[in-house]
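Please look at the sequence and the 3D structure shown here, and then read the report that follows.

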Amino acid sequence: MKPVLLVLNLQLPAHLEQMAQSFPDFEVVYAPEAGQAEAAIAAHGARVQCVCTIGATGLSAAQMRRMPALRLVCAMGAGYENIDVAYARERGIAVGNGAGTNDECVADHAVGLMIAAVRALVRLDKATRAGVWRSALPLPPNVSGKRLGIVGLGAIGAKIARRAAAFDMEIGYHNRKPREGAGYRYFGDVLSLAAWADVLLVATPGGAGTRHLVNAEVLDALGEKGFLVNIARGSVVDTAALAAAVRAGRVAGAGLDVYESEPAPPAELLELDAVVLTPHVGGWSPEAVQNSVDRFIANMRNHLDGKPLVSPV
């Protein structure tokens, strides 16, 4: 029987076919839902050699233990927070991701959310449809010239900064340490960055180490004229604290592509018209998804050929 390539994340039929054609010696098993994944591992675990997943779905040590022939786990997209990388390394299982494949798309979406939140585009759309003219509405502030504080100046954060520079925004950032060659102001902690910024934009990896990094104290530092944008992981922002801050006017608004309750919508935020929400589509475009599929295939091909992964974790 053929070895199995187990695909645990949502795919278009054309992309599943691309994987099947790229690896004709493998049986492609598609199991994008939790129940399907459990059934697939129960039925095919002994033959699974490669797994395609995403950071939010991941692959646990318990799942890997049920796949004794597993040799490769790859996340499509940059995130891999729910893959047990330490366990994989102990077992000699290679781990890769799709770093860089959707960076441009995420950066575009981040800037879109920032503009939508600061300029109140969703509220203005609703008002226009209701027949409200501009003289009855508060003035939305400029985006240009504002201070943008980026939490996580990685590849995506750097692309966001370049886009923001075109709006003549002053840019600051927080990383665990200063990024060599970055010409932006560095802040040693998120609290001081938030106190300085007009817009706090979250682009840091998810996981236990960054859970609720943006909390009530940080939001209070951002202030009543400040805006929060999150295109990273929902876990980085304390949703209840954000809802309370927006409702009380301690923060002006927010634009979120990610939230803690995914895939369910964030109930605390749904009635707040100062918050712009999108359903974790920041990295989704025809171009970005195709790039991610191509990268997974390149990683798997290199692994099978005994070469280093294109983008190892």
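The crossing of helix H5 and helix H7 is right-handed, a term for the case in which the near helix is turned clockwise from the far one by less than a right angle, with anticlockwise giving left-handed. This is a predicted model, in which local features need pLDDT of at least 70, side-chain atom pairs count only at pLDDT 80 or more, and totals for chains, interfaces and linings use all residues. Residues are numbered from 1 along each chain as its sequence is written, and side-chain values use heavy atoms, leaving out hydrogens and water.

Helices (H or I, at least four residues) and strands (E, at least two) are DSSP runs, numbered from the N terminus. H5 and H7 pack at an angle of about 50°, with their axes 9 Å apart; axes are lines fitted to C-alpha atoms, for helices over the stretch in contact, and angles run from 0 to 180 degrees between N-to-C directions. The two helices H5 and H7 are therefore oblique to each other, since angles under 35 degrees count as roughly parallel, over 145 as roughly antiparallel, 65 to 115 as roughly perpendicular and the rest as oblique.

| Helix | Strands it lies across | Angle |
|---|---|---|
| H5 (residues 103-118) | E6, E9, E10, E11, E12 | about 155° to E10 |
| H7 (residues 155-165) | E6, E7, E9 | about 175° to E6 |

Strand E6 (residues 147-151) runs parallel to strand E7 (residues 170-174), and 5 bridges join them, where pairing requires that DSSP finds at least two bridges between two strands. Within this pair, Gly149 stands opposite Gly172 in E7.

Conventions
Contact means heavy atoms within 4.5 Å.
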